[in-house]
Amino acid sequence: MLCPKCGYQNPPNRQDCLRCGVIFAKIRVHANSPAQSQAQEVAADLPDRDCSLRHLLLSCPDEANLLLFTGRALVLLGMIVWGSKLIFAGIASNASGESWLHLVNLPFHEAGHVIFRPFGQFIASLGGTVGQLLVPLVCMATLLLKTRDPFGTAVCFWWLGENFLDIAPYIDDARAGQLPLMGGNFGHSSPYGFHDWEFLLTETGLLSYDHMLARVSHGIGSLAITLSIAWAGYLLYRQFPRRQE
């Protein structure tokens, strides 16, 4: 079933396209009715747009691929176990900062400092946090809009939430300066401006709110992880009957 609109190769007997969501029957109607008015064409297209949005967020493979389903189920299990551990460990434990995923986030954090350095010290300091949040967002957009993989998007959404959990202890440490920084420094002994969030909150007059802002970051991350797990779980729930068939 080759989609006449986007060219995507769909499984046999599909009624609509997995990639763009267009309904094949409506494409045929439009092709056979060249004299149809423009207003009617616009009205007929509206359901396709709704369907496309549904497929964009909730589409799952029709093929009975046991290996793919099992792999995704294992990924979801890891998201649940690891996400729960990071959420309930709390800010003070710095569980995200001590995990191996922190080493994945760290290069993007440091790259953010370099990329935003031309915009001044304040933006460069903020750029580290922006950098490590921007990469999961770019991955989400690519998987959702380019490859039409909502399950992969949900996994990247989980990663985005983990980054918020990773940032929370750093914000919480703004006044105390106890966390180890790059180069073996600590916030309390390093020059002013070396600890990103000490500098950012001091410059904005919000240093006394470091613990509250850390809780906000932790709450956002916890919510994102919870929603990503629910999203991925729903996609597998939809795919499971198809696998049985």
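Q: Great, what kind of model is it, and how are the residues numbered?
A: It is a predicted model, where local features need pLDDT of at least 70, side-chain atom pairs count only at pLDDT 80 or more, and totals for chains, interfaces and linings use all residues. Residues are numbered from 1 along each chain as its sequence is written, and side-chain values use heavy atoms, with hydrogens and water left out.

Q: Thanks. How many helices and strands are there in the chain?
A: The chain has eight helices and zero strands. Following the sequence, the pattern reads α-α-α-α-α-α-α-α. Helices (H or I, at least four residues) and strands (E, at least two) are DSSP runs, numbered from the N terminus.

Q: And what share of the chain is buried?
A: Of the 245 residues, 40% are buried. Buried means under 20% relative accessible area, exposed means over 50%, and partly exposed is in between, with a 1.4 Å probe and protein chains only.

Q: Where does Leu 18 sit?
A: Leu 18 is in the segment before helix H1 (24-32). Leu 18 counts as buried because its relative accessibility is 11%.

Q: Switching topic: what is the volume of the largest pocket?
A: The largest pocket has a volume of about 600 Å³. H4, H5 and H6 are the elements that give two or more residues to its lining. On a 1 Å grid over the protein atoms alone, a pocket is an open set of points with protein on both sides within 12 Å along at least five of seven lines, while a cavity is a set where a 1.4 Å probe fits but cannot get out; lining residues have an atom within 4 Å of a point. Grid points are joined across faces, edges and corners, and a volume is the space filled by probe spheres set on the points.

Q: Which residues lie nearest the centre of that pocket?
A: Out of 24 lining residues, those nearest the centre are His 109, Glu 110, Tyr 170, Leu 181 and Met 182. H4 gives the largest share of the lining, six residues. By type, the lining divides into 10 nonpolar, 10 polar and four charged residues. Here Ala, Val, Leu, Ile, Met, Phe, Trp, Tyr, Cys and Pro count as nonpolar, Asp, Glu, Lys and Arg as charged, and the others, Gly among them, as polar.

Q: How many cavities of 30 Å³ or more does the count come to?
A: The count comes to one cavity of 30 Å³ or more. About 40 Å³ of space lies in the largest cavity. Its lining has five nonpolar, four polar and no charged residues, including Leu 86, Ala 95, Leu 165 and His 218.

Q: Tell me about Ala 95, then. Buried or exposed?
A: Ala 95 counts as buried, at 19% relative accessibility, and lies in the loop between H3 and H4. Leaving aside neighbours within four places in sequence, Ala 95 is in contact with Leu 86 and Ala 89. Ala 95 and Leu 165 are 70 residues apart in sequence, yet 8.6 Å apart in space, C-alpha to C-alpha.

Note on methods:
Contact = heavy atoms within 4.5 Å.
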